[in-house]
Amino acid sequence: MDSGSQQHRPPDERPDGPFGWIAAQDRARRAAGLRRELRPRAAESALLDLAGNDYLGLTRHPEVVRAGADACLRWGAGSTGSRLVTGSTALHAELEAELAAFTGFEAALVFASGYAANLAAVTALTGPGTLLVSDAANHASLIDGCRLSRATTEVVRHADPEAVRKALGARATPASPAGPGSGSGGPALVVSDAVFSVDGDAAPLRELAAACRAYGAALLLDDAHGLGAMGDGGRGSAHGAGLAGAPDVVCTATLSKSFGAQGGVVLGPAVVIEHLVNAARTFIFDTGLAPAAAGAALAALRLLEREPERATRARQVAREFHRLLTERGLDATAPDACVVSVRAPSPDSALAWAARCREEGLAVGCFRPPSVPDGVSRLRLTARCDLSGSQVHRAVDVIARTAPPH
Ligand SMILES: Cc1ncc(COP(=O)(O)O)c(C=O)c1O
């Protein structure tokens with residue numbers, strides 16, 4: 001909801017200056033239990049971390065950390081400029097080539113974040129003439145891409161390929177590969193998280209691809225939570241669904257979750273990647289990914305190629321969380337990847353529940369509106385491949401003992 005713009009009043013009506021309206025919003029947020037606060041964490045913590053997204057336990061892996069430090073020493077603390085000026089190094093090119101080869105796509109382009117990668121892919125592949133079909137539970141970065149695109153956006157029911165078909169059919173777009181031609185995007189693009197960030201469920205990828213193909217639309221998948229966890233050895237959701245390398249499929253991902261570093265990537269046909277270099281504003285006008293992040297992500301990728309069982313184990317841990325939580329009577333989502341969320345009765349109770357977990361040595365995510373698509377507050381737990389069985393049991397015990405009455 002665009003709450004900021006609703007508060008605007010003529011200047012002479014603002015008793016507390018131009019930012020006076022913020023206090024009223026803050027009061028409303030507090031009353032609804034929706035205020036957010038930063039809590040800087042210590043470098044070392046005794047808390048068991050089920051809140052971060054370090055699914056493969058690589059953020060502090062010595063090889064990954066060393067590669068990041070080496071890249072920093074070799075290339076400098078920053079990339080010094082945008083990718084088209086001075087911000088592309090041999091390291092970026094190496095990372096892109098290996099990401100493409102690993103995931104099965106023809107080409108890759110790395111960005112400063114997954115958010116920037118999503119904005120780039122959505123906006124550069126669409127325009128005022130495009131129909132954008134977007135899942136109702138998509139990540140904020142895809143939603144923002146839709147808003148920036150100036151395309152006609154149709155939001156469809158979550159994980160519903162029939163709704164996608166209907167939206168595409170209503171527009172009756174012919175199966176034409178040609179876009180309007182002036183850099184304003186192709187005829188139709190369907191965008192979906194491949195693994196949804198709040199409940200950890202996987203999108204029906206094959207059915208979505210079939211719907212797109214029936215209407216000549218392209219498919220854009222955000223695999224932030226699938227790369228490193230889904231598909232053979234963590235090669236990602238598109239690879240797992242047999243869609244990697246398809247001429248009509250583009251995939252985005254972050255390097256900050258399974259890969260333990262920072263940054264984002266768009267994977268797709270070479271023609272799409274070349275187009276992004278020329279047309280994606282978050283590529284052209286943003287400083288290139290820092291060398292330390294590129295080096296760390298590349299080391300994480302190579303490590304995962306050597307140790308593919310990390311992906312399997314992380315998913316196994318998530319399923320174990322779900323089984324044990326459900327056994328204790330909690331309303332937990334069945335995970336397809338590494339995210340399990342547990343419903344709470346209200347934002348306040350979710351916050352108090354997370355605080356009680358913390359007092360008992362457990363860091364869990366607490367998702368409240370507007371970060372949840374259906375308005376239901378949840379604890380969000382992330383599985384990691386390096387959690388032991390006894391850690392999983394202890395965590396479930398804490399969560400169950402501290403649960404609010406439903
Ligand atoms: C589904 C999804 N897409 C995109 C992003 C953005 O990635 P990044 O944090 O690298 O900007 C996130 C991360 O928070 C995410 O969960």
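How do the residues of the shell around the ligand divide into nonpolar, polar and charged? They divide into two nonpolar, ten polar and two charged. Here Ala, Val, Leu, Ile, Met, Phe, Trp, Tyr, Cys and Pro count as nonpolar, Asp, Glu, Lys and Arg as charged, and the others, Gly among them, as polar.

The model is predicted; local features need pLDDT of at least 70, side-chain atom pairs count only at pLDDT 80 or more, and totals for chains, interfaces and linings use all residues. Numbering starts from 1 along each chain as its sequence is written.

The ligand is surrounded by 14 residues. A residue is near a molecule if its C-beta atom, placed from the backbone, lies within 6 Å of it. Ser113, Gly114, Tyr115, Ala224 and Thr254 are the closest. Helix H5 (residues 114–124) supplies the largest share of the shell, three residues. Helices (H or I, at least four residues) and strands (E, at least two) are DSSP runs, numbered from the N terminus.

The protein averages 93, and 93% of the residues score at least 70. Among the elements, strand E8 (residues 264–268) has the highest mean pLDDT (99), and helix H1 (residues 3–6) the lowest (40). Over residues 1–7 pLDDT stays under 50, and the model has five contacts beyond four places in sequence for them. Residues 173–183 also fall below 50, with 19 contacts beyond near neighbours in sequence. Two residues are in contact if their C-beta atoms, placed from the backbone, lie within 7 Å.

Two helix pairs were examined. Axes are lines fitted to C-alpha atoms, for helices over the stretch in contact, and angles run from 0 to 180 degrees between N-to-C directions. The axes of H7 (residues 161–171) and H8 (residues 205–215) come within 9 Å and cross at roughly 15 degrees. H7 and H8 are therefore roughly parallel (angles under 35 degrees). Pro161, Val164, Arg165, Leu168 and Gly169 of H7 meet Glu207, Leu208, Ala211, Ala214 and Tyr215 of H8. This contact has seven nonpolar, one polar and two charged residues.

H4 (residues 90–103) and H12 (residues 291–306) pack at about 30 degrees, with axes 10 Å apart. H4 and H12 are therefore also roughly parallel to each other. The H4 side of the contact includes Leu91, His92 and Phe102, and the H12 side includes Pro291, Ala294 and Glu305. By class, the contact has nine nonpolar, two polar and three charged residues.

Key. Angles under 35 degrees count as roughly parallel, over 145 as roughly antiparallel, 65 to 115 as roughly perpendicular and the rest as oblique. pLDDT is the predictor's confidence in each residue, from 0 to 100.
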